[in-house]
Amino acid sequence: MKKFLLLTLCFLILGLTACSQSHPSSRDKSASSTIITSSSTTARTNAYLRQLSGKQIRLTIGDQSFTVDLYDNPTANDLYEQHPLTLTVNDYAGWDEKVIRLDKKLSMQDAPDGDEPLYPEVGYYEPGNWIALYYGKIGYWSGKIPLGKISATNEQLKKLPDGETVTIEKQKL
């Protein structure tokens, strides 16, 4: 009987110790958006495609203007060469992103299978042929490629009006 009670007590202590440790889903979500720690997440964010190229574009949406520091990858370089563009920004219902549909597809040379966008950030979604302005976590998606870091807050991107005209042009350095 003593062995049974001792064994039960050990399991109880072990169980309480495990429960007192912080579960990953209970951590501060805002910190996880800027600090990437797990190796699986790091691989899915394609850090090698997020090296800055020194090229910039300017997005003018209504009376607001944002600079995008483009990453050094073939897809971002292709976007840089297509300017100026006048398009429309739209809400993407149910997701924390705005979309700008393109008339011409961008290069997929050396593109990964997909990406888990950072935010705020600009990316390209090849299946839909649109530029995306990410202002919240959307997770990993096939066909996404990072394009650049935008000089906007998540809140500024979220508040962009649906159907507004957007002009995209090369930024003079």
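Modeller: In this predicted model, the largest nonpolar core has 28 residues, and I57, L59, I100, I131, L133, I150 and I168 touch the most other members.

Biologist: What makes this set a nonpolar core?

Modeller: The term requires buried residues of nonpolar kinds, such as Ile and Leu, joined through side-chain atoms within 4.5 Å. I57 and L59 are among the members of the largest core, so each is buried, with under 20% relative accessible area.

Biologist: Which elements supply at least two residues of this core each?

Modeller: Among them are the strands β1 (52-61), β2 (64-71) and β10 (164-170), together with the helix α4 (74-81). Across the protein there are five helices and 10 strands.

Biologist: Which residues does the second core include?

Modeller: That separate core of seven residues includes Y125, W130, A132 and I138.

Biologist: How do you know where the predictor's confidence is under 50?

Modeller: Confidence in each residue is given by pLDDT, from 0 to 100. It stays under 50 over residues 4-43, where the model has eight contacts beyond four places in sequence. The protein averages a pLDDT of 81, and 74% of the residues score at least 70.

Note on methods. Residues are numbered from 1 along each chain as its sequence is written. This is a predicted model: local features need pLDDT of at least 70, side-chain atom pairs count only at pLDDT 80 or more; totals for chains, interfaces and linings use all residues. Side-chain values use heavy atoms; hydrogens and water are left out. Contact means heavy atoms within 4.5 Å. Helices (H or I, at least four residues) and strands (E, at least two) are DSSP runs, numbered from the N terminus. Buried means under 20% relative accessible area, exposed over 50%, partly exposed in between (1.4 Å probe, protein chains only).
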